[in-house]
Amino acid sequence: MEKAFQTLFAMSIFKQIEDLKNKAEEQIQKIQTQTELDQLHSSILGKKGELTSILKGLKDLSDQERREAGSAANETRKEMDLLFGNAKKQIESLEIQQRISKEKYDALKPIETAQGHLHPVTAVQYQVEDIFSSMGFRVMDGPEVETDDNNFGKLNFSEDHPARDMQDTFWTEDGNLLRTHTSSVQVRAMEKLSPPFRIIAPGRVFRYEETDASHENTFYQVEGMLIDRVVSVSNLIYIMKTFLSAFFERDVKVRLRPGYFPFVEPGFELDIHCLLCSGKGCPVCKQSGWLELLPCGLVHPNVIRAGGMDPSEWQGFAFGMGLMRLVMMKYSIEDIRHFLSGNLRFLKQF
Ligand code: DAH
């Protein structure tokens, strides 16, 4: 190549490099995102980029010019690297800012966690407690391991009373037992409270027996006892009807049939008008129109006496309901064994 022409050519290469740098500077200003910046970088400085194609012209220059143009190109590349580096940092911090401005922390928003709830038997127990509390009953508790005396003796089951065989009992090695009914709390109430009083005692009881759809070896009862100077069967019926109507949220008809329990005289089985067919007769009440619900009666004078009161002064009524049976009726549950099965699919329905 002619010397003069070579020089001209070299100048044009310098110019091109200079233009490229200006162009890069100008375009970088407009760029908003990392991707755009990467694209611009490879179109200018990449292997197939504009700088590479400009430098292809170097081969036609004289040695000295090639050296000069080469070092000018390196210089420019360094400057541009710096430009791109700064732009990258700026875009990064811009992107972080944008992300933060979109993220909102709302201190009032409830934290979403998996929430548990009460077991249906517990929920119904609380409901029963509320209704009886509103009628002046206090809620009492007693131990699950009881003495023979509290579970049987003071409730008028004599030593050789055949009624002791009515309930199969779990005995402990020291001669105590797992209470077979919450009636044991009647005895504790009479010892602890001075008459007149009204109590209910919800709690867990145990029977040594085969399980089936309506029998469990571990189940829940709610005992009730009212002691006052004059107490009649009509008081008992009134309280039971008021409770049942509040619990089932409708008017509930009841009837009494004779029933035998050593600690009451007279003793009854209380039935309610079938809730499903309202007494017309259906499979649930076996066409009878009535459902057997709970045993009750007037407290036996021997029990009053064993409780430290004079039966000529004090009278009372008592009742014992199956708490699980109440839940089963309220929610149409067909098998008592669901309750303690630990089956979450069952429990989550409530
Ligand atoms: N304790 C009896 C049982 O578990 C139920 C019972 C019957 C309780 C009559 C009472 C009552 O208070 O008066 O079988």
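Q: What should I know about the model before reading numbers off it?
A: It is a predicted model, in which local features need pLDDT of at least 70 and side-chain atom pairs count only at pLDDT 80 or more, while totals for chains, interfaces and linings use all residues. Residues are numbered from 1 along each chain as its sequence is written, and side-chain values use heavy atoms, with hydrogens and water left out.

Q: Ligand first. How many residues surround it, and which are the closest?
A: The ligand has 16 residues around it, the closest being His181, Ser183, Arg207, Gln221 and Glu223. A residue counts as near if one of its heavy atoms lies within 4 Å of the molecule.

Q: How much of the ligand does the protein cover?
A: The protein covers 93% of the 360 Å² of accessible area that the ligand has on its own. That area comes from the Shrake-Rupley method with a 1.4 Å probe.

Q: Which elements give two or more residues to the shell?
A: Strands E5 (218-228), E8 (290-299) and E9 (315-322) do. Helices (H or I, at least four residues) and strands (E, at least two) are DSSP runs, numbered from the N terminus.

Q: Back to histidine 181. Buried or exposed?
A: Histidine 181 counts as buried because its relative accessibility is 3%. Buried means under 20% relative accessible area, exposed over 50%, and partly exposed in between (1.4 Å probe, protein chains only).

Q: Where is it, and what does its side chain contact?
A: Histidine 181 is in the loop between strand E3 (177-178) and helix H7 (184-192). A polar atom of its side chain lies 2.9 Å from the backbone oxygen of asparagine 151.

Q: New topic: helix H2. Which residues are buried there?
A: Gln34, Leu37, Leu40, Ile44 and Leu45 are buried in H2. They line one face of the helix, because seen down the axis of H2 they fall within an arc of 125 degrees. The arc is that of the directions from the helix axis to the C-beta atoms.

Q: Which residues are exposed on the other side of H2?
A: Thr35 and Gln39 are exposed there.

Q: Where are the cis peptide bonds?
A: One joins proline 195 and proline 196, with omega about 0 degrees. Another joins glutamate 265 and proline 266, with omega about -5 degrees. Proline 196 lies in the loop between H7 and strand E4 (197-206), whereas proline 266 is in strand E7 (residues 264-273).

Q: What about positive phi in residues other than glycine?
A: Glutamine 287 has a positive phi near 65 degrees. Glutamine 287 sits in the loop between E7 and E8 and counts as exposed because its relative accessibility is 53%. Asparagine 156, also not a glycine, has a positive phi of about 75 degrees.

Definitions and conventions: A polar contact is a pair of N or O atoms within 3.5 Å; within protein, one must be able to donate a hydrogen and the other to accept it, and residues adjacent in sequence count only if both atoms are side-chain atoms.
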